[in-house]
Amino acid sequence: MSHAEFTPTTNEFIGTAAGHTIGMVIPNIDPEVRTLLKIPEQYSSLGILTSRTGAAAQAFSVDEAAKACNVELLIFELPRDTEGYSGHGNLIVLGAYYVSDARRAVEVALTLIDEKAERIYINEVGHMEMHVTANAGPVLHQIFDAPLGKAFGFICAGPAGIAIVAADTAVKSSPVDIVWYGTPSINLSHTNEVIIGVSGDYGAVKKAVDIAYEKASALIEIFGQKPASILHFTQNPDL
């Protein structure tokens with residue numbers, strides 16, 4: 001079936017957001033699909049968010065949605081993607097007792113993704129993603145070992161070595177704890193990036209993430225333009 005022939009049904013398609021994110025709902029999951037995906041029996045409905053670009057923008061948004069809706073994170077994966085850049089996309093599956101909860105969680109997450117995608121940056125060959133929350137919830141705890149109720153910061157850049165330099169600079173400059181990390185072969189899908197999750201006092205976490213942004217941006221800029229938000233990036237025709 002071609003794209004032009006496809007019309008999303010009301011039950012399945014919820015909406016789209018930045019990062020080529022699409023939100024969908026399965027009101028009553030098929031038994032074979034349930035078994036294949038190892039969905040617990042208590043969840044009859046699923047909320048699904050999947051994107052070409054971004055991880056933390058989506059994860060932080062789903063964390064907020066889960067605080068407001070009765071859903072549980074069942075699947076979070078980081079496929080190789082970023083539409084030709086050095087990073088990832090994502091696959092997020094939420095379980096719910098009722099389809100109304102699944103639908104509302106997806107709606108809330110899509111709205112927040114449009115805001116948080118401002119902090120996904122790219123240039124001709126590199127990318128960064130930097131986020132902070134003052135209050136990590138169960139989704140960020142489950143994915144990134146973020147301590148519940150504490151500030152959590154996400155530092156990501158590619159090519160991978162740039163993130164190591166940026167993270168080293170950040171943790172030397174601010175009293176934060178590293179609670180999670182990913183490298184191409186550890187916790188990631190051989191994407192050309194490194195991710196560091198930090199926790200601590202909100203001011204310290206924000207300072208660490210801001211410092212990491214400045215360091216990574218300066219290094220990625222060596223390849224071309226200063227990294228710009230995916231919401232505003234335009235390819236430089238002279239490069």
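Two strands pair if DSSP finds at least two bridges between them. This is a predicted model, where local features need pLDDT of at least 70, side-chain atom pairs count only at pLDDT 80 or more, and totals for chains, interfaces and linings use all residues. Residues are numbered from 1 along each chain as its sequence is written, and side-chain values use heavy atoms, without hydrogens and water.

Q: What makes β8 and β10 a pair?
A: Strand β8 (residues 151–158) and strand β10 (residues 194–200) share seven bridges in the antiparallel sense. The rule asks for at least two, so the two strands pair. G153 has V198 in β10 as its bridge partner.

Q: How do you know that β6 and β7 pair?
A: Three bridges join strand β6 (residues 120–122) to β7, in the antiparallel sense. I122 has H127 in β7 as its bridge partner. The two strands form a hairpin with four residues between them.

Q: Why are β9 and β11 called edge strands?
A: The open sheet has six strands in the order β9-β10-β8-β7-β6-β11, with antiparallel pairing. β9 (177–182) and β11 (228–229) each pair on one side only.

Q: Why is β7 called largely enclosed?
A: Buried means under 20% relative accessible area, exposed over 50%, and partly exposed in between (1.4 Å probe, protein chains only). Six of the seven residues of β7 are buried, so the rest of the structure largely encloses this strand.

Q: What does β7 share with β8?
A: Seven bridges, in the antiparallel sense. T133 stands opposite F152 in β8.
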